[in-house]
Amino acid sequence: MDEIDNIIIHSLRQIGCDIDDETHSLSAFTPEMLVSSVSKCLTLIRSTLEVPTSLPPGMAQRFSVTTNLAEACKSVGFRGDIGYQTFLYTNVTEVRRVFMFLIERLPKEAEKVTASQALDYPSSVKQEVSRSIIQSLKSTWLPPPCRVLLNERNSFCPKHINIPDTSSDSGKNSEKAPEEFFTSLFNQITAEAVFPSVISKNDEDLWSNFDSYSLDSRKSSMKPAESTASVEEEQNTESEQREPGDSLSQNTQKIRTPREILQEEIEELKLKIESTVSKRQSLVEDIEAVKTSTSEQEDRIKSLKKEKRVRERTNIVLENPEENVTKLEAMVTNSREKMKKLELQWREHEAPLLEALSSAQKKNSKELSKTKHLVDQISAVRTKSEEISQEFKQKSSTHAQLTAELTKLSRTIHRNAYTSRILEIIGNIRKQKNDIDKVLRDTRELQKTINTVTGQLDRQFTVTDDLIYRTAKRDENSRKAYKLLATLHTDCSELINYVQETGAITREIRDLEDQIETEKMRNVSANLERITSDLHQMQKESQVLEEKLRAALESSEDQ
């Protein structure tokens, strides 16, 4: 297994995994190394997969990351048992199986270009940058304040605030410092509600200014007889705006806003549109009825014209019926004779034409088949030439890259040593297989001999039992011999049963020993220690989160 681990580690280093030179077996892999190497292999196998490359510090996040990695391995095609335990609580056999599958699924030959590009650090950085740019382009744009609100998951909840107007109260509020202004603002509301509250306050101020401006423009457009009264009313409204109270809100409620005027105009236009639409529908229905009546009248006129022609001809024939009938019969006979002559002439001309047409069709079909065959051959040759040229380009590029990598690699690594070692392992496996086959043959032969011997013993026992039983009626010694034979037969059968039971027990003992060895290889005790430590860490994290939640709830209740 050490040679297999060395081959796996060497292939992972070639891909670009960060593995120390001191690690020579998969048992020395940490969960972080496992996650990084498996994610590297998955990105090379399928570049569209979004796989985490490192383990986070929190245990809950680690469980989610490792489960996502296990699902990614299953999506690639891994059929074995895999989950978060294979990454967090490592088992060498399971890890070896996963790495062997991933290394077999790595891109080869023409796809080695992408795998070799992963060795270069700048190219990997470029790939990550392009991936992040593509993700940012796919996502919708939001302004920075909205991003903050979206990230914090806060809703837009404005609150009423009292901001002093420096333009109107220039005597008192202008003396206040900005620090006092901000302290008064943050005393009124919380820090999270500052942004929406200021926006809503600004909108209210702008709307009030717009209402005052529209009020001034309307009053300036009134008649000159009412101008003096309007000026006095404007002065009164301005004085009332400067004084504190609800006078401004009452005046604004009496005057119609431009929004209300536009709403009334829109409703009037909607009524007009509905009336015109109803009129148009009635007119369209009338037009369709007229069209149907006109079409019926035209059809009736055509039928009447046909009847008129037939009646005119019949009237012409009825003026001189005998002469006209004889003329019609003569015309019919002449037309029949002409048709017969024309049919004979057509048959005379049709036969050579049909022969010429059939021969031309045969020639044309042969030529078409030849041309199709040639076109198919030409297209196949072109596709083959294109494929060969592409393969030549890909192989030339891979050859250049492999030569460059070979020059970069150290000469200490010998491929022949690996191949020779693999061949030795294969030879040992073949020897073991031959030995197993020999053992199986010997066991089969022994089973056959045992079966034959047991059959002979059964037959001999039946024969001897019959002979002694016959003589036991007359002789006392034969009776004793019969009893001894029966006891000996039962004792031998019991011994055979004991031997079979001991063999089954030894087989069970061997199976249990094998299971104990496999359990020892799985490092159950170390994994249990890790699980307990992770559980204590998760309990600590949950306690910290509960304390944070309690503090947040207490702060919200105080506010």
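The following exercises, with worked solutions, concern a predicted model.

**Exercise 1. State which secondary-structure elements the chain contains and what share of its residues is buried.**

Solution. The chain holds 17 helices and zero strands. Of its 559 residues, 15% count as buried. As to contacts between residues at least 6 apart in sequence, 59% join residues at least 24 apart.

**Exercise 2. Classify the ring pair of Phe29 and Phe99, and determine which parts of the chain the pair ties together.**

Solution. A pair of aromatic rings is described by the distance of the centres and the angle of the planes.

Step 1. The centres of Phe29 and Phe99 are 6.0 Å apart, and the pairing cut-off is within 6.5 Å.

Step 2. The planes stand at 70°, and angles over 60 degrees count as edge-to-face, so the pair of Phe29 and Phe99 is edge-to-face.

Step 3. Phe29 belongs to the loop between helix H1 (2-15) and helix H2 (31-45), while Phe99 belongs to helix H5 (residues 92-104); the pair therefore ties together parts that are 70 residues apart in sequence.

Step 4. Both Phe29 and Phe99 are buried.

**Exercise 3. Carry out the classification for Tyr469 and Tyr482, and state how accessible each residue is.**

Solution. Step 1. The ring centres of Tyr469 and Tyr482 lie 5.9 Å apart with the planes at 50°, so the pair is tilted.

Step 2. Tyr469 is in helix H15 (residues 415-471) and Tyr482 in helix H16 (residues 476-521), so the pair ties together parts 13 residues apart in sequence.

Step 3. Tyr469 has a relative accessible area of 47% and is partly exposed. Tyr482, at 28%, is also partly exposed.

A search of the whole structure finds four aromatic pairs.

**Exercise 4. Describe the packing of H2 with helix H3 (residues 59-76).**

Solution. Step 1. The axes of H2 and H3 are 11 Å apart, at an angle of about 35°. The crossing of H2 with H3 is left-handed.

Step 2. H2 contributes Glu32, Val35, Val38, Ser39, Leu42 and Ile45 to the contact, and H3 contributes Arg62, Leu69, Ala72, Cys73 and Val76.

Step 3. By class, the residues of this contact between H2 and H3 comprise eight nonpolar, one polar and two charged.

**Exercise 5. Identify the buried residues of H5 and the helices against which they pack.**

Solution. Step 1. H5 has 13 residues and spans 18 Å from first to last C-alpha, close to the 18 Å expected at 1.5 Å a residue.

Step 2. Val92, Val95, Arg96, Val98, Phe99, Phe101 and Leu102 are buried in H5.

Step 3. The buried residues of H5 pack against H1, H2, H3 and helix H4 (84-88).

How values were computed
Residues numbered from 1 in each chain as written. Predicted model: local features only at pLDDT ≥ 70, side-chain atom pairs only at ≥ 80, totals over all residues. Heavy atoms only, no water. Phe/Tyr/Trp six-rings, centres within 6.5 Å; stacked < 30°, edge-to-face > 60°. Helix = DSSP H or I, 4+ residues; strand = E, 2+ residues; numbered from the N terminus. Buried < 20%, exposed > 50% of the residue type's maximum accessible area, 1.4 Å probe, protein only. Axes fitted to C-alpha atoms, helices over the stretch in contact; angles between N-to-C directions. Left-handed = near helix turned anticlockwise from the far one by under 90°. Contact = heavy atoms within 4.5 Å. Nonpolar A, V, L, I, M, F, W, Y, C, P; charged D, E, K, R; others polar. Expected span 1.5 Å × (residues − 1).
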